[in-house]
Amino acid sequence: MEFHYNVVPKAGNSGFSTRVGNPPDLTPEELIASVARETGLTADQVAAAGTALFRGVILAAADSRKVRNLFGLFTFLPRCGGSFTNVDFQPTADSLNVGINGNLTPDGLHLFTDGMTFVRDGVEGAKVPIIERVYDATTRGRDKCTPGGGFKIGGQAFWHFDDVPANVGVYLQPATGGSKVRVASYISWKDSEISGVWPAGLAGSQTLTVETTYANSGSVRNSTYTQALSA
């Protein structure tokens, strides 16, 4: 097992940190096929059991219930947070920042790290945002964008804005070329997640770019998602 990483400078010239490298994703289809080979089940059986299992974990978390020591490898914990000016606020999933944290058990951590070797892919000279996933709220699909519908972009190093400055943003551009369109409506912009509303009038495949700035740096940094979005 090879763990790929990049070295990145920390803010204020205070040393260095690391980020996970970017080898090709393991697709759900590849994972299902691997489990089918290991268990002797069919791909359809693995998919059905896996869907039921993760639905159970998600629905338990929605009921504030924890799932501990699953198969001796994982613990799943519901979480919430948020920031409010008074105690009598109106809660929503977005305002409470609800979600699920997955943690490895000691046996899971041993499986993860045992025999791991490390490969440094390179040194990155500047901090940049990292786009890991794009979720379309209308279709509930990955790597899709419904014109006028909601979205969530997950990743790292987006920084945090209560009010998104005009010089940064999420941009879409036709994959075949053309003018970039900036998302105008944002629900929240956090370091690991951006949510908002797609622009109306999108058509065809779109290339997504996130542009942001960081404290103590006036320059705009950007990152383009590796997958085209289908509108």
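The lining of the second largest pocket in this predicted model comprises 10 nonpolar, 9 polar and 8 charged residues (Ala, Val, Leu, Ile, Met, Phe, Trp, Tyr, Cys and Pro count as nonpolar, Asp, Glu, Lys and Arg as charged, and the others, Gly among them, as polar). A pocket is an open set of points on a 1 Å grid over the protein atoms alone, where a 1.4 Å probe fits, with protein on both sides within 12 Å along at least five of seven lines; lining residues have an atom within 4 Å of a point. The volume of this pocket is about 1,000 Å³, taken as the space filled by probe spheres set on the points, which are joined across faces, edges and corners. Of its 27 lining residues, N22, D25, I131, E132 and R142 are the closest to the centre. Two or more residues each come from β2 (16-20), α1 (28-39), β7 (130-136) and β15 (217-224), with the largest share, 4 residues, from β7. Helices (H or I, at least four residues) and strands (E, at least two) are DSSP runs numbered from the N terminus.

Strand β2 also belongs to an open sheet of 3 strands, ordered β2-β1-β6, with mixed pairing; strands pair if DSSP finds at least two bridges between them. β2 and β6 (117-123) are the edge strands, each with a single partner, so one side of each lacks a neighbour in the sheet. β1 (residues 2-9) and β6 run parallel and are joined by 6 bridges, and N6 lies opposite G122 in β6.

Residues are numbered from 1 along each chain as its sequence is written. Local features need pLDDT of at least 70 and side-chain atom pairs pLDDT 80 or more, whereas totals for chains, interfaces and linings use all residues, and side-chain values use heavy atoms, leaving out hydrogens and water.
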